[in-house]
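User: I would like to go through this model step by step, in question and answer form. Please begin with the term that the strand questions will rest on.

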Amino acid sequence: MTNQINIHQYPVGPMDNFIYLMECAHTKQIAVVDPAWDFPLIQSEINRLNGQLSMVLLTHCHFDHLNALEDVLNHYDIPVYVSNQSQTELINDLPQTQLVGEFDTISFGAHTINILTTPGHSICGQCFFVDDHLITGDTMFINGCGRADLGDSSPQALYQSLEKIKALPDDTVIYCGHNYADQSTDTLGNQKKTNPYLLCKDEATFVRKRMGFKS
Ligand SMILES: [Zn+2]
């Protein structure tokens, strides 16, 4: 079956970021998720895959997830999908920017990308759900989750966003924004058993744990 999505994962940069190329095997379209740190790698991988870059997807607007965006846009005339909650004017004002929100979809090759709005780590956090793949950015890590003590964070919102992720099918494969664990992906079903942040019994417990308070 060629009508499938391939997710190519690359660890890059000094902050252990993951960036992704999402490939529609049928049409050879490629989406780059969170272009950062290594534009030559992005370019050489697109060439190796013999694909056509058709869009940028941003999980949120922190610098370590988009510091190669300018290079990408200097080489490719493609849209950049950003959360409509973004307060980053530099990104919002780009002519290529397309603001998207909850329940929006993006058609990608023979597939549909579903937007999950997931504020908490950042106000403009969003996840991309396509087939049985979920790209989570810094909302959720393998056995972890993003910080909630930054300028545009909310630990309460992060709890609600993780609850939203938990409602997806257990066989969903999680692709996160940083390489912090001893495995690079996992299923949501496994994470529901091992991720301490998904195991918190309620919002108050989660907020205490995430913010480092002793309970
Ligand atoms: Zn971040």
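Analyst: Two strands are said to pair if DSSP finds at least two bridges between them. The model discussed here is a predicted one.

User: In β8, which residue does Ser 107 stand opposite?

Analyst: The strands concerned are β7 and β8 (residues 111–117), which pair in the antiparallel sense over 4 bridges. Ile 106 has its bridge partner, Ile 113, in β8. Ser 107 likewise has a residue of β8 opposite, and that residue is Thr 112.

User: Which residue takes a positive phi in the hairpin of β7 and β8?

Analyst: The hairpin has 2 residues between its strands. A positive phi near 55 degrees is found there, and the residue that takes it is Gly 109.

User: Which residue in β9 does Leu 116 stand opposite?

Analyst: Strand β9 covers residues 126–130 and pairs with β8 in the antiparallel sense, over 4 bridges. The β9 residue opposite Leu 116 is Cys 127.

User: Which strands stand at the edges of the sheet that contains β7 and β14?

Analyst: This sheet is open, has 6 strands with mixed pairing, and runs in the order β7-β8-β9-β10-β13-β14. Two of its strands have a single partner strand each, so one side of each is left without a neighbour in the sheet. Those edge strands are β7 (105–108) and β14 (185–187).

User: What is the order of the strands in the other open sheet, the one with β1 and β6?

Analyst: That sheet also has mixed pairing. On average, neighbouring strands are turned by 25 degrees against each other, direction ignored. The order of the 6 strands is β1-β2-β3-β4-β5-β6.

User: Which helix packs on this sheet and touches β1, β2, β3 and β4?

Analyst: The helix in contact with β1, β2, β3 (29–33) and β4 (52–57) spans residues 39–48. Its direction makes about 150 degrees with that of β1. The helix is α1.

User: Is Trp 37 buried or exposed?

Analyst: Trp 37 lies in the loop between β3 and α1. Its phi is positive, about 75 degrees, although Trp 37 is not a glycine. A residue needs 20 or more other C-beta atoms within 10 Å to be classed as buried. Trp 37 has 20 C-beta neighbours inside 10 Å and so counts as buried.

User: Where is Lys 28 placed?

Analyst: Most residues other than glycine have a negative phi. Lys 28, however, has a positive phi near 65 degrees. Lys 28 is partly exposed, with 14 other C-beta atoms within 10 Å. Its place is in the loop between β2 and β3.

User: How many Å separate the C-alpha atoms of Gly 212 and Asp 202?

Analyst: Gly 212 is found in the segment after α6 (203–210). With 7 other C-beta atoms within 10 Å, Gly 212 is exposed. Gly 212 and Asp 202 are 10 residues apart along the chain, and their C-alpha atoms are separated by 16 Å.

User: What is the radius of gyration of the protein?

Analyst: The protein has 6 helices and 14 strands. For 215 residues the globule rule gives 17 Å, and the computed value is close to that, so the protein is as compact as a globular protein of that length. The radius of gyration is 16 Å.

Key. Residues numbered from 1 in each chain as written. Predicted model: local features only at pLDDT ≥ 70, side-chain atom pairs only at ≥ 80, totals over all residues. Rg over C-alpha atoms; globule rule 2.2 N^0.38 Å. Axes fitted to C-alpha atoms, helices over the stretch in contact; angles between N-to-C directions. Contact = placed C-beta atoms within 7 Å. Buried ≥ 20, exposed ≤ 12 C-beta atoms within 10 Å, placed from the backbone.
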